[in-house]
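Dear colleague,

I am passing on the structure we spoke about, together with some notes on what turned up when I went through it. Please read the notes with the structure open beside them.

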Amino acid sequence: MSDAQAMCAVHPDAPSVVTCHRCGRFCCERCMAPGQPCNECVARALSELPPLEPRANYARYALFVMAAAHTAQAGLEAVQLAASGPTVELIEVMSGLLLLAYIPLYIATIVLVCRWFHLAARHALARQAPLDVTPGGAVGAWFIPFLNLVRPFTLTRQMLATSGADQSVVGPWQAA
């Protein structure tokens, strides 16, 4: 009686070296690393997630709107310093109206950026990124004083490393 070697489910000519802990499929060295799900499980997990680009675009546009609101407020302050008489009152009214619009815009921007970061962490974890936090923990790092100066950017570098994207953009983003 001979010992039969299990063969890879994807590459029938290659012997199986391990089984996927997620689906139980026999896999060769090309299909997976030990202790990780197989390539098909990773692809399935990624396909089940919503696309990241729409949320990234919403967050980007919200940040542009916030930058425009800051620029408008700075412009009103500069004009107010140079103005006198009834013009000052008009500028104060305009500044107050801008502030009323600013608060909901600020809250909406926070929500949109957090939703994007949460989904980005979910995508990274589906690609087997070595993140040591959950997607909720990744978002929560933005709200912890002093930790928010370092942790989100470290997580972003880790997420970009697993996607093969350029990590050099994270430094200027952190500086800004």
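The buried residues of helix α5 are R151, P152, F153, L155, T156, M159 and L160, where buried means under 20% relative accessible area, exposed means over 50%, and partly exposed lies in between, all with a 1.4 Å probe and protein chains only. Helices here are DSSP runs of H or I with at least four residues, strands are runs of E with at least two, and both are numbered from the N terminus. The cover over those buried residues of α5 includes α3, α4 and α6, with contact taken as heavy atoms within 4.5 Å.

Before going further, please note that this is a predicted model, in which local features need pLDDT of at least 70 and side-chain atom pairs count only at pLDDT 80 or more, while totals for chains, interfaces and linings use all residues. Residues are numbered from 1 along each chain as its sequence is written, and side-chain values use heavy atoms, with hydrogens and water left out.

To stay with α5 for a moment, its 13 residues should span 18 Å at 1.5 Å a residue, and its end C-alpha atoms are 19 Å apart, which agrees; the expected span is 1.5 Å times one less than the number of residues. Within this helix sits T156, which counts as buried because its relative accessibility is 9%. Leaving aside neighbours within four places in sequence, T156 is in contact with F117, V170 and W173. Just after α5, G164 takes a positive phi of about 80°.

A138, which is found in helix α4, counts as buried because its relative accessibility is 1%.

The loop between α4 (135-140) and α5 (151-163) holds F146, which counts as exposed because its relative accessibility is 72%. The phi of F146 is near 70°, a positive value in a residue other than glycine. As background, most residues other than glycine have a negative phi. A positive phi, near 70°, is also found at Q128, which follows α3.

Turning to the other helices, the 41 residues of α3 should span 60 Å at 1.5 Å a residue, and its end C-alpha atoms are 60 Å apart, which agrees. Helix α2 (residues 53-82) has 30 residues and reaches 44 Å from its first C-alpha to its last, close to the 44 Å expected. The buried residues of α2 are A56, A59, A62, M66, A69, L76 and Q80, and what covers them includes α3 (86-126).

The largest pocket contains about 1,100 Å³ of space. For this, a 1 Å grid was laid over the protein atoms alone, and a pocket is an open set of points where a 1.4 Å probe fits, with protein on both sides within 12 Å along at least five of seven lines, while lining residues have an atom within 4 Å of a point. Of the 33 residues that line this pocket, the closest to its centre are L63, V113, W116, W142 and W173. At least two lining residues come from each of α2, α3, α5 and α6 (170-175), and α3 gives the most, with 9 residues. The lining divides into 25 nonpolar, 6 polar and 2 charged residues.

On the cysteines, the structure holds 0 disulfides, a disulfide being a pair of cysteine sulfur atoms within 2.5 Å. C28 is buried, with a relative accessible area of 3%, and C114 counts as buried at 14%.

Lastly, A9 lies in the segment before β1 (18-19) and, leaving aside neighbours within four places in sequence, is in contact with R25 and F26. Between A9 and G96 there are 66 Å in space, C-alpha to C-alpha, and the two are 87 residues apart in sequence.

With best wishes

Conventions: Points joined across faces, edges and corners; volume = space filled by probe spheres on them. Nonpolar A, V, L, I, M, F, W, Y, C, P; charged D, E, K, R; others polar.
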